[in-house]
Amino acid sequence: MFATTLQVALGGAIGAAARFLTGVAVLRAFGRDGFPLGIITVNVLGSFLMGALVVWLGQRALTHLNPFLLTGILGGFTTFSAFSLETVTLFERGQVGQAALYVVLTVTLSIGALLAGLMLMRSVLA
């Protein structure tokens with residue numbers, strides 16, 4: 001368990017650094033206009049890589065690399081890739097209603113929680 005946790009931690013550090021550098025590259029390439037193009041780039045690229053790696057690792061019996069590559073690197077790069085994978089997995093299992101509920105709950109509750117955190121800290125620090 002400790003070795004797996006280290007794999008996730010190392011991969012997470014690599015993924016977070018890659019997310020930062022991708023954001024910088026997108027900013028330098030397209031400038032800043034207020035639209036979060038860097039975040040969209042990271043989310044879409046991370047989701048694509050998650051899909052590709054899940055199949056590639058599974059077909060080559062390399063799933064022991066999942067903690068480092070999927071949870072670590074891609075999890076550090078973007079948690080949206082894990083969200084996308086879980087949504088598609090539910091859909092492929094025929095659990096379309098649960099997939100839709102998962103998407104709606106994740107997006108609305110996450111945005112709501114962020115707003116609640118903003119309001120709480122703004123009221124405390126005001």
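Author: Axes are lines fitted to C-alpha atoms, for helices over the stretch in contact, and angles run from 0 to 180 degrees between N-to-C directions. This is a predicted model, in which local features need pLDDT of at least 70 and side-chain atom pairs count only at pLDDT 80 or more, while totals for chains, interfaces and linings use all residues. Residues are numbered from 1 along each chain as its sequence is written, and side-chain values use heavy atoms, with hydrogens and water left out.

Reader: What pattern does the protein chain follow along the sequence?
Author: Helices (H or I, at least four residues) and strands (E, at least two) are DSSP runs, numbered from the N terminus. In the protein chain there are five helices and zero strands, and reading along the sequence gives the pattern α-α-α-α-α.

Reader: How far does helix H4 reach from its first C-alpha to its last?
Author: Helix H4 covers residues 80–92, which is 13 residues. At 1.5 Å a residue, counted over one less than the number of residues, the expected span is 18 Å, and the helix comes close to that, reaching 18 Å.

Reader: Which helices are included in what covers the buried residues of H4?
Author: Buried means under 20% relative accessible area, exposed over 50%, and partly exposed in between (1.4 Å probe, protein chains only). In H4, the buried residues are Ser-81, Phe-83, Ser-84, Thr-87 and Leu-90. What covers them, judged by contact (heavy atoms within 4.5 Å), includes helix H2 (37–59), helix H3 (66–77) and helix H5 (96–125).

Reader: Is H2 roughly parallel or oblique to H4?
Author: The two helices H2 and H4 pack at an angle of about 50 degrees, with their axes 8 Å apart. Angles under 35 degrees count as roughly parallel, over 145 as roughly antiparallel, 65 to 115 as roughly perpendicular and the rest as oblique. The angle therefore makes the relation of H2 to H4 oblique.

Reader: How many charged residues does the contact of H2 with H4 have?
Author: From H2, Asn-43, Gly-46, Ser-47, Met-50 and Val-54 meet Phe-80, Ser-81, Ala-82, Ser-84 and Leu-85 in H4. By class, this contact of H2 with H4 has five nonpolar residues, five polar ones and, of charged residues, none.

Reader: Is Ala-61 buried or exposed?
Author: Ala-61 is found in the loop between H2 and H3, and its C-alpha atom is separated by 29 Å from that of Tyr-102, 41 residues apart along the chain. Because its relative accessibility is 62%, Ala-61 counts as exposed.

Terms used:
Ala, Val, Leu, Ile, Met, Phe, Trp, Tyr, Cys and Pro count as nonpolar, Asp, Glu, Lys and Arg as charged, and the others, Gly among them, as polar.
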